[in-house]
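The structure comes first, then my notes.

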Amino acid sequence: MSNAETTRAPFDPAVLFKALFLGLIAIFVLVPLLATLLGGFKSLGELRVNPFGWPKHWEWQNYADILFSARYWQLLRNSLIISTLAVTLTLITASMAAFTFAHIKFYGSSALLSYLTLGLLFPAATAVLPLFIKVRDLGLLDTYFGVALPQVAFSLAMSVLLLRRFFKDIPYELLEAALVDGCSYIKFFRYVTLPLSRPILATVGTITFVNSWNAYLLPLVMLNTDALYPWPLGIMVYQGEYSSEWHLILAFITLTILPTIILFLLAQKHIVAGLTAGAVKG
Amino acid sequence: MARHTASSPAMGTTQTSFASLAVRGPSWDGRFTVLILFLPPALLLFTLFVVLPIGEAAWYSAFNWNGFGKPTNWIGFDNYRFVLETRAFWLALRNNGLIIAVSLAIQLPLALTLALMLAEKFRGAVALRMLFFMPYILAEIATGLIFSFVYDGDYGLVASIWRSFGAEPPHLLASTDTSMMAVLIVIVWKYFGFHMMLFIAALQSLDKSLIEAARIDGATRAQTLRHVVIPLLYPTIRLSVFFAIIGSLQLFDLVMPLTRGGPADSSNTMVSFLYNNGISRMRVGYGSAIGVILFVICVTFAFTYKRWFMRDE
């Protein structure tokens, strides 16, 4: 370490190079985002001559019109309903299945677990046409559940794996003692396993929520009614309507990604840990 | 037991019930109840919405069917032949190959370099990590729309740079020569932060004593990096490559707002090809055949890759 300290002269070219490199990448990431945010404050005419800079004249009207429109809130509401359904149902079904796989030995348990993990191998898109027909035949087309249920089904594989690994680490003596004392498996699950597993439940919930909140293909295929559209569909419709009025589209984009960014800034540690843990341990 | 609430977990349950008379071991009854109550919801959902549709895709792919009524017009493997004879299919496959190539040649080295820089503690390191990770959590639809503005030939950022040099601004997304390149840049923008985070997580859990040992033995920084740190990261590199490839095979949302796969199919991925040719026209048989081909590619790849490169994990 002392070696590193002494070589840290004021004009170390390596440090300068590093700072330059990081700065360039930061600009690469930030410029499109800032241009979007600021673009929403410009008039169309100004956007054309000044897409990069600070607005000379702040057009609050662009943002205000969207914020006071029923449409914006309806899109967010639909997204929130679908994502909440997906998260709730995933947590309930996946934790129950994971508990069974973690604590109960039965004939065929490892085969069933492998069966579930098949879901990790291919994307929902491969079977989206038969999925559409299935959802239609079940009468769920154009409903929130028609979107949420397939999302739950496709998130189960990863969720069960993550939860089972965590549940298995809960000391077996705890379960044994509880059972000897007459506590049932179900009560143990409800009063011991779940409260002890809050971190992993939060991780699984985060992954499912982000995936569902941002999803486009499934709602696109399953929903026909504008009034049910989640925001990724709604914003594409909006863009179609205002095709080259970029100042309005940019304001709309900014307002729809705002909830994600606020959530990210508030819970960045959990979100980063959740998304990378999900990836690594899957 | 009713007095146990969520806020009094483990300890309460085990200690209070010594008084309980119902002392019995882990009975088969209890386990059976759990089995029939806890497993079916997940298995049912998974079977209904994941496994059956894949099986049905294989079945439907043998029909010429528009999705209404029952499939009756059996045409055998013709749908597969039609897919393989479509030029757009091979373009889509080539584009998926390009995405993988860019992920390996540009995104991965970039992510690794940034991770090595940002895994050290210095002022601003955490903020930069978060900034670089942020594109990953943005919806692909929003990202695609943002970049369709960036690339816009009239109002966009690229156009304004071109104009400041006095040149006629290009319409990058509207030309078959540049559309895929433009999409590839967005892919790097959106995903490098995720891979960087994977590497940072790995670097932080490395055994520091190995690195110190190498330094004490007189290895330079570059030598330590080359012969100690990078080899220790091989498992993570293999994982990152795996995600890059699987991710490229699923890519769809990002392409739609940018180009919809066009112009002239020049920027289709496998899934956007499936959407444009199967789903949006309700050609169930043809679309299912594409789905089955994609499924076979994904599964073959996943198994082969796991067997060859990730045997120990």
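I am working with a predicted model, where local features need pLDDT of at least 70, side-chain atom pairs count only at pLDDT 80 or more, and totals for chains, interfaces and linings use all residues. Residues are numbered from 1 along each chain as its sequence is written, with chains lettered from A and ligands numbered from 1 in the order in which they are written.

**Chain A**

I looked up the secondary structure and found 15 helices and zero strands. Helices here are DSSP runs of H or I with at least four residues, and strands are E runs of at least two, numbered from the N terminus.

I then checked the dimensions. The C-alpha trace spans about 75 × 70 × 35 Å along its principal axes.

**Contacts with chain B**

I found 82 residues of chain A in contact with 87 residues of chain B. Contact means C-beta atoms, placed from the backbone, within 7 Å. On the chain A side, helix α2 (residues 13–39) gives the most, with ten residues. That side divides into 64 nonpolar, 13 polar and five charged residues. I counted Ala, Val, Leu, Ile, Met, Phe, Trp, Tyr, Cys and Pro as nonpolar, Asp, Glu, Lys and Arg as charged, and the others, Gly among them, as polar.

**Helix α10 of chain B**

Where does α10 (residues 221–250) of chain B kink? I place the kink, about 50 degrees, at Tyr234(B), shortly before the proline Pro235(B). The bend is the angle between axes fitted to the seven residues ending there and the seven starting there.

How values were computed
Contact = placed C-beta atoms within 7 Å.
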